[in-house]
Structures are given as structure tokens and as C-alpha cells.
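Me: I would like a close look at a single part of this model. Please set it in the context of its neighbours and give the cut-offs as you go.

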Amino acid sequence: TEAVNKEADLQKNKDLIALADENYKKKNYDTSILNYKEALKLNPSDEVTLLKIGNVYKLKNDETNAIDFYKKAIFVNPSYADGWFNLGLVYASQKNVSESKKCFERVVSLDTDYAYAYYALALAYETENNKKEAVKNYELFLKYNKDPNQIKTVEEKIKSLMLLYKKAYTLIGIIIMLLGIISLPFYRYLINEVPNIKNLDL
């Protein structure tokens with residue numbers, strides 16, 4: 001009898017999820033959330049259903065509940081890369097760069113082939129003006145990416161960043177050189193005891 005009940009609950013869970021998915025596709029978001037939550041009562045540790053609820057809340061612009069359900073998903077399964085990735089996306093939309101980076105870094109530690117986590121990390125580093133790390137992560141995205149439509153866009157981003165990187169270092173070099181030239185007449189005053197060197201003043 002217990003086995004029969006378990007089988008019945010399993011089937012009911014599948015039916016509820018299928019119904020929720022259908023309502024989601026029809027954009028009946030509130031109904032889909034109710035269906036997913038009913039399914040969760042039968043299987044509370046289903047990280048995929050928890051993620052789906054988070055996704056629906058995100059679509060409804062309810063980021064508080066989206067974060068709550070993404071956190072639940074990674075609580076029941078800390079190795080759930082999609083849960084960490086979607087949580088990072090919400091933090092990124094809130095401009096919480098440090099927390100979003102933590103999530104995306106966790107994703108690539110769990111799944112080194114997760115191309116879009118590198119893309120998201122690159123964007124995060126770009127917002128921090130860290131061109132070196134941005135380029136590195138864009139290049140990793142290209143390495144693992146399976147979407148040919150994104151290749152040209154990312155290659156252009158890398159070229160642009162490398163050009164800015166080069167200009168920045170050229171500017172730093174010029175500034176250092178100018179500071180050096182400006183400082184030359186004052187070097188003798190920066191030394192406590194100037195030794196008696198012949199032809200010191202040219």
C-alpha cells in the first residue's frame with residue numbers, strides 16, 4: 001500500500017509540474033506558481049521546481065521572492081549550478097556586483113563548461129573597470145560557448161577592451177615619464193646629503 005501511495009504521489013507531482021509548465025507557457029504566471037507549489041508539497045526537495053518558481057517570480061519583477069526560491073534551490077542542492085547562476089542574475093540586475101560575482105564564480109567551480117557564467121563574470125568585471133579580468137572571462141566564454149551567434153559580439157568586446165587596456169597603459173607610461181621629467185630638477189633637494197660629485201649640475 002505504501003509503495004502504491006508513493007507511486008500515486010509521484011504521478012501527481014509530475015502532472016502538477018506539467019500543468020504548471022503549460023500555464024507558464026501561456027503566461028498564466030500566478031496559476032503556474034500555485035501549481036508548482038502544490039507539486040512541491042509532494043516533493044519539497046525538488047531543486048528544479050524551486051528554480052522554476054524563482055524564474056516565474058523574476059518574470060513578474062518580484063526579485064525578493066525570486067531570490068528566496070533560488071536560495072531554496074541551492075540549499076536543497078548546493079551543487080545546482082543553474083540555481084547559483086539565476087541567483088547571480090538577480091543580484092546583477094540589482095547592481096549588486098560583488099554578490100553576483102560570488103554566484104557566477106561558484107557556477108564555474110561546479111561546472112567549468114558553463115559558458116554563460118564566464119560571460120556574466122566578464123560583464124561584472126567590466127562594470128568594475130577591471131579590463132584584464134573581463135577579457136579573460138570573455139575568452140573563456142568563447143572557449144566553452146556553443147552559440148555561434150554570440151562569437152562575433154564577444155570578439156568585438158574583447159578587441160574594444162584590449163584597445164582601452166593598451167591606451168590605459170600607454171597613458172600610465174606617459175604620466176610616469178612626465179612625472180620623472182618634472183621631478184628631475186628637484187632630485188637634489190630630495191636627498192638629505194648631496195655628495196660632492198663633479199659636474200653634478202650640467
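Which residues in α5 are buried?

Reply: First, the ground rules. This is a predicted model, in which local features need pLDDT of at least 70 and side-chain atom pairs count only at pLDDT 80 or more, while totals for chains, interfaces and linings use all residues. Residues are numbered from 1 along each chain as its sequence is written, and side-chain values use heavy atoms, with hydrogens and water left out.

In α5, the buried residues are Ala81, Gly83, Trp84, Phe85, Asn86, Leu87, Gly88, Val90 and Tyr91. Buried means under 20% relative accessible area, exposed means over 50%, and partly exposed is in between, with a 1.4 Å probe and protein chains only. For the whole protein, buried residues make up 31% of the 202 residues.

Now the setting. The protein has ten helices and zero strands. Helices are DSSP runs of H or I with at least four residues, strands are runs of E with at least two, and numbering starts at the N terminus. Among contacts between residues at least 6 apart in sequence, 42% join residues at least 24 apart. Contact means heavy atoms within 4.5 Å.

Helix α5 covers residues 81–93. Its 13 residues should span 18 Å at 1.5 Å a residue, and its end C-alpha atoms are 19 Å apart, which agrees. The expected span is 1.5 Å times one less than the number of residues. After α5 comes lysine 95, whose phi is positive, near 65 degrees. Most residues other than glycine have a negative phi.

What covers the buried residues of α5? The cover includes α3, α4 (63–76), α6 and α7.

Take α6 (residues 97–110) now. α5 and α6 pack at an angle of about 160 degrees, with their axes 8 Å apart. Axes are lines fitted to C-alpha atoms, for helices over the stretch in contact, and angles between N-to-C directions run from 0 to 180 degrees. α5 and α6 are therefore roughly antiparallel to each other. The classes are under 35 degrees for roughly parallel, over 145 for roughly antiparallel, 65 to 115 for roughly perpendicular, and oblique for the rest. The crossing of α5 past α6 is left-handed. A crossing is left-handed if the near helix is turned anticlockwise from the far one by less than a right angle, and right-handed if clockwise.

On the α5 side, the contact is made by Ala81, Trp84, Phe85, Leu87, Gly88, Leu89, Tyr91 and Ala92. Their partners in α6 are Glu99, Ser100, Cys103, Phe104, Arg106, Val107 and Leu110. By class, this contact has eleven nonpolar, two polar and two charged residues. Ala, Val, Leu, Ile, Met, Phe, Trp, Tyr, Cys and Pro count as nonpolar, Asp, Glu, Lys and Arg as charged, and the others, Gly among them, as polar.

α7 (residues 115–127) packs against α6 too, at an angle of about 150 degrees, with the axes 9 Å apart. α6 and α7 are therefore roughly antiparallel to each other. α6 passes α7 in a left-handed crossing. The α6 residues in this contact are Val97, Ser100, Lys101, Phe104, Glu105, Val107 and Val108. In α7 they meet Ala117, Tyr118, Ala120, Leu121, Ala124, Tyr125 and Thr127.

Next, α3 (residues 47–59), which holds tyrosine 57. Tyrosine 57 is buried, with a relative accessible area of 9%. Leaving out residues up to four places away in sequence, tyrosine 57 touches Ile33, Lys37, Asp62, Asn65, Ala66 and Phe69. Tyrosine 57 and isoleucine 33 are 24 residues apart along the chain, yet their C-alpha atoms are separated by 8.3 Å.

α3 also packs with α1 (residues 2–25), at an angle of about 20 degrees and with the axes 12 Å apart. That makes α1 roughly parallel to α3. Their crossing is left-handed. Ile17, Asp21 and Tyr24 in α1 meet Thr49, Lys52, Val56 and Leu59 in α3. This contact divides into four nonpolar, one polar and two charged residues.

Asparagine 61 lies in the loop between α3 and α4. Its phi is positive, about 65 degrees, although asparagine 61 is not a glycine. Asparagine 61 is exposed, with a relative accessible area of 66%.
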